[in-house]
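Below is a walk through one protein chain, element by element. Please keep the model open while reading.

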Amino acid sequence: WTQLRLGYRLGMCSILALWVAWDCVWGQFAKGEVSIGGRTAFPVFRGCFGLLAWHWFWGMSVYVWTRFRINYIYLFDFDPRLVDTPIDIFNDAVDETLVFFLCMLMYYKAGANDMPQWVPPGAYPMFLVLYTIKSLVFPWKIRKPLWMAIRQVLMSPLVSPTFFLTYVGDVFTSMVKVFQDLLWTACFVLSGDWLLSEAKHETSSRVHIWTESLLYKNIAIPLICLLPLWLRFNQCLRRYLDTGKRYPNLANAFKYAMSQSVTLFGAFHPLYLMHVQEEEKTISLVEDDDQDVENLIMATSRHSNLFQIFWMGLFIASSLYSFWWDVYMDWGLGRREDGFLGPRLMFPRRSYYFMVISADLVLRFMWVLTLIPPQSGKYILRKSLFGVTKYETNLMLIRIFSCKGAQFELPAYLSAISMTVELFRRTIWSFFRLEHEHRQNTEGFRRVNVVPLHFNTGHKHKYNERHWVGWKVLVEIVIVTSIVIAISAFSVIAAQRATHEVQLAHEAMSKADYL
């Protein structure tokens, strides 16, 4: 019954996702409406989607670790009584996904005037925010260890890091864009902008004024980008203080120091990357007094923006160093004596390892690919050095600066995709990171090197309790089916009424033209 419940809810999520995608595509191309990615509250949905995606990825991680007997409960020092099975995690995630797509669909239709606006459109993202907070906090007995771990990570380097705390710190470094959207969401809610209508958002210049403030642009956003790297950097230093081992702790700290340098150089333009080549053309207009002829002489010189070149080189070096650390140190692979893999592999196929190594290299350089713009553009800035007439002088210089390259800004939906891809990369990384920690006590987090194999039946045994799971699932199916039928009927009626109004307006315009 549990699998049946999960299956039909996954089907509902798929239908809602197709519905949202169809309405956005059809509304944009057929009616000229703004898609969901262009709506004012889209960063709210993107931030909540980042948390939701990680919930799904965490369930995937638990399933893989359980399937291949990687004892994550022992490695993370979890309480076995508080650990959810993969089915339980997926059930919670699918409920959250249903709420997410329903809120997105209602918000889009309310903004497109496809449904009566009994409540402001901003109420739907506000409800999603409240539901997300509820899901992060309750049930408190299950969520409490996570929040305790987050508190200890934020206190770095005052707290000695455990293996689970370093794992949480690594996950935080992959959630920088999620944290940026959560900051935007907090400002959106606290400023009261969610109470405004879509028309007000489009016409008023006083909406989202906090995004242009010095505190938000130049302080809060750079701090959000730097904080996860800074916390992980402090964990490495504290680990060096506790163990006295320079390697690998200081080498790992150097990796995060390089990443912080990249973030600092690009902190004030996190959404676009521009490579500038400055071309200087000097045009000399010389008057020949003997022949009364003006000669045009042009000289060209090129300059490169050294700042951008240095930043690009630092970015590539940091990405390569992080990739090497992933493969050689975190996963224990790349050993020549083991066929460029590692000893005592726990996953069944050697091809899995080579595929993941290749994927990690590509995903590490996903951001570097944004340096190559899809379109090349030019803009010309003409600056007159001497605006004088030929009666005053026989020389006029015009300098033309031509910046070749392009500004490339990720659209809102592509930012969501890149955010999800990075979370997926971190999930794949965690599969092999725990496998390596299970095989070898890599950094001395445990006193013994032996880790018992993980056996799990997938069931929680609760005695002296009677659960009518089957009847609950059947009743839920009947209720959900009734709601879907009612919503479908309402949508058909609303669509027919809108079509009738369009026909009446068209007939009225035809009569007016005839008269």
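Where in the chain is Val451 found? Val451 belongs to the loop between helix H15 (412-439) and helix H16 (469-514). Helices here are DSSP runs of H or I with at least four residues, strands are runs of E with at least two, and both are numbered from the N terminus. The model is a predicted one, in which local features need pLDDT of at least 70, side-chain atom pairs count only at pLDDT 80 or more, and totals for chains, interfaces and linings use all residues. Residues are numbered from 1 along each chain as its sequence is written, and side-chain values use heavy atoms, with hydrogens and water left out.

Val451 has a relative accessible area of 11% and is therefore buried. Buried stands for under 20% relative accessible area, exposed for over 50%, and partly exposed for values in between, with a 1.4 Å probe and protein chains only. The C-alpha atom of Val451 lies 7.4 Å from that of Asn71, although 380 residues separate the two along the chain.

The aromatic residues come next. The structure holds 33 aromatic pairs; rings of Phe, Tyr and Trp (its six-membered ring) pair if their centres lie within 6.5 Å, and planes under 30 degrees apart count as stacked, over 60 as edge-to-face and the rest as tilted. Trp58 and Trp65 make an edge-to-face pair, because their ring planes stand at 75 degrees, with centres 5.7 Å apart. Both Trp58 and Trp65 are buried. Trp58 also pairs with Tyr167: the ring centres are 6.3 Å apart and the planes are at 50 degrees, so this pair is tilted. Tyr167 is buried, as is Trp58. One aromatic cluster is formed by Trp58, Trp65, Tyr72, Phe76, Phe78, Phe163, Phe164 and Tyr167.

Helix H2 also contains Thr66, which is buried at a relative accessible area of 17%. A polar atom of the Thr66 side chain lies 2.7 Å from the backbone oxygen of Val62.

Two arginines are placed over aromatic rings. A charge sits over a ring if NZ of Lys or CZ of Arg is within 6 Å of the ring centre and within 35 degrees of the ring normal. Arg335 lies over the face of Tyr328, 4.0 Å from the ring centre. For Arg426, the charged end is over the ring of Trp429, at 4.6 Å from its centre.

Helix H4 (residues 86-111) has 26 residues and spans 37 Å from first to last C-alpha, close to the 38 Å expected at 1.5 Å a residue; the expected span is 1.5 Å times one less than the number of residues. Because 21 of the 26 residues of H4 are buried, the helix is largely enclosed by the rest of the structure.

Helix H13 (residues 350-364) has 15 residues and reaches 22 Å from its first C-alpha to its last, close to the expected 21 Å. Its buried residues include Tyr353, Val356, Ile357, Asp360, Leu363 and Arg364. They cover an arc of only 135 degrees around the axis, so they lie on the same side of H13; the arc is that of the directions from the helix axis to the C-beta atoms. An α-helix has 3.6 residues a turn, so residues three or four places apart point the same way. Arg364 and Ser319 are 45 residues apart in sequence, with their C-alpha atoms 6.1 Å apart. Ser319 is found in helix H12 (residues 306-330) and is buried, at 7% relative accessibility.

Which backbone geometries stand out? Most residues other than glycine have a negative phi, and most peptide bonds are trans. The peptide bond from Ser156 to Pro157 is cis, with omega near 5 degrees; Pro157 is in the loop between helix H6 (140-154) and H7. Tyr247 and Pro248 are also joined by a cis peptide bond, with omega about 15 degrees, and Pro248 is in the loop between helix H10 (214-243) and helix H11 (249-265). Asp77, not a glycine, has a positive phi of about 60 degrees. The loop between helix H3 (72-76) and H4 holds Asp77, which is exposed at 68% relative accessible area.

Notes. Polar contact = N/O pair within 3.5 Å; in protein donor to acceptor, adjacent residues only side chain to side chain.
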